[in-house]
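Hello,

The structure we spoke about is below. My notes on it follow; please read them with the model open.

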Number of protein chains: 2
Amino acid sequence: MPEVVVDVVLKPEISDPQGQAVLGALGRLGHSGIRSVRQGKHFVIEVEGDPDEAELRSIAETLLANPVIEDVELHLPTD
Amino acid sequence: MPEVVVDVVLKPEISDPQGQAVLGALGRLGHSGIRSVRQGKHFVIEVEGDPDEAELRSIAETLLANPVIEDVELHLPTD
């Protein structure tokens, strides 16, 4: 069954306390080469038949993400 | 600066109430072609210099994910 992946990430101008907490923890643990961490959501969606890109984009942008503060990356299966 | 993406997904045998809630909502909204939704976490990590795959895999598997219930997908930048 085709799998579509939707990644929801905070817009760059929105501060990300979760990512900053991870970054701080990595620094304290000695991982000094890490410059930034941003945390988002990752959805794996199984669809029946051929994925309808327009429908999936609409689902991603209106139901999975908050378009005021988040951007969406839609990854359709590569045939 | 190189960006490494880490996707953390629940193992297939672990139930996913968040994903099931999204699936239920999509069904009620008329998106009947969606068969399953699984929700995970998506990290975008900026590293200084060349990414050290072993270090990043260790960070992903021990600090970003709970290896008892989650799997990790590491995506290094393609040169």
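**A buried glutamine, the sheet and the cores**

Gln39(B) counts as buried, with a relative accessibility of 13% (buried is under 20% relative accessible area, exposed over 50%, partly exposed in between, with a 1.4 Å probe and protein chains only). This is a predicted model, in which local features need pLDDT of at least 70 and side-chain atom pairs count only at pLDDT 80 or more, while totals for chains, interfaces and linings use all residues. Residues are numbered from 1 along each chain as its sequence is written, chains are lettered from A and ligands numbered from 1 in the order in which they are written, and side-chain values use heavy atoms, without hydrogens and water.

Gln39(B) sits in strand β2 (residues 34-47) of chain B; helices (H or I, at least four residues) and strands (E, at least two) are DSSP runs, numbered from the N terminus. Beyond its neighbours within four places in sequence, Gln39(B) has contacts (heavy atoms within 4.5 Å) that include Lys41(A), His42(A) and Phe43(A), as well as Leu10(B) and Asp16(B).

The sheet is open and has six strands in the order β3(A)-β1(A)-β2(A)-β2(B)-β1(B)-β3(B), paired antiparallel; two strands pair if DSSP finds at least two bridges between them. β3 (70-75) of chain A and β3 of chain B are at the edges with a single partner strand each, so one side of each has no neighbour in the sheet. Strands β1 (residues 3-10) and β2 of chain A pair over six bridges, and Val8(A) stands opposite Lys41(A) in β2(A).

In helix α1(A), Gly19(A), Val22(A) and Leu26(A) are buried. Seen down the helix axis, the buried residues of α1(A) fall within an arc of 60°, so they line one face (the arc is that of the directions from the helix axis to the C-beta atoms). Pro17(A), Gln20(A) and Arg28(A) are exposed on the face turned away from that buried side. The cover over the buried residues of α1(A) includes β2 of chain A, with β2 and α2 of chain B.

The largest nonpolar core has 17 residues, and Val37(A) and Phe43(B) are among those with the most contacts inside it. A nonpolar core is a set of buried Ala, Val, Leu, Ile, Met, Phe, Trp, Tyr and Cys residues joined through side-chain atoms within 4.5 Å. The largest share of this core, four residues, comes from α2(B). Another core, of 16 residues, lies apart from it, with Val4(A) and Ile34(B) among its residues.

Regards
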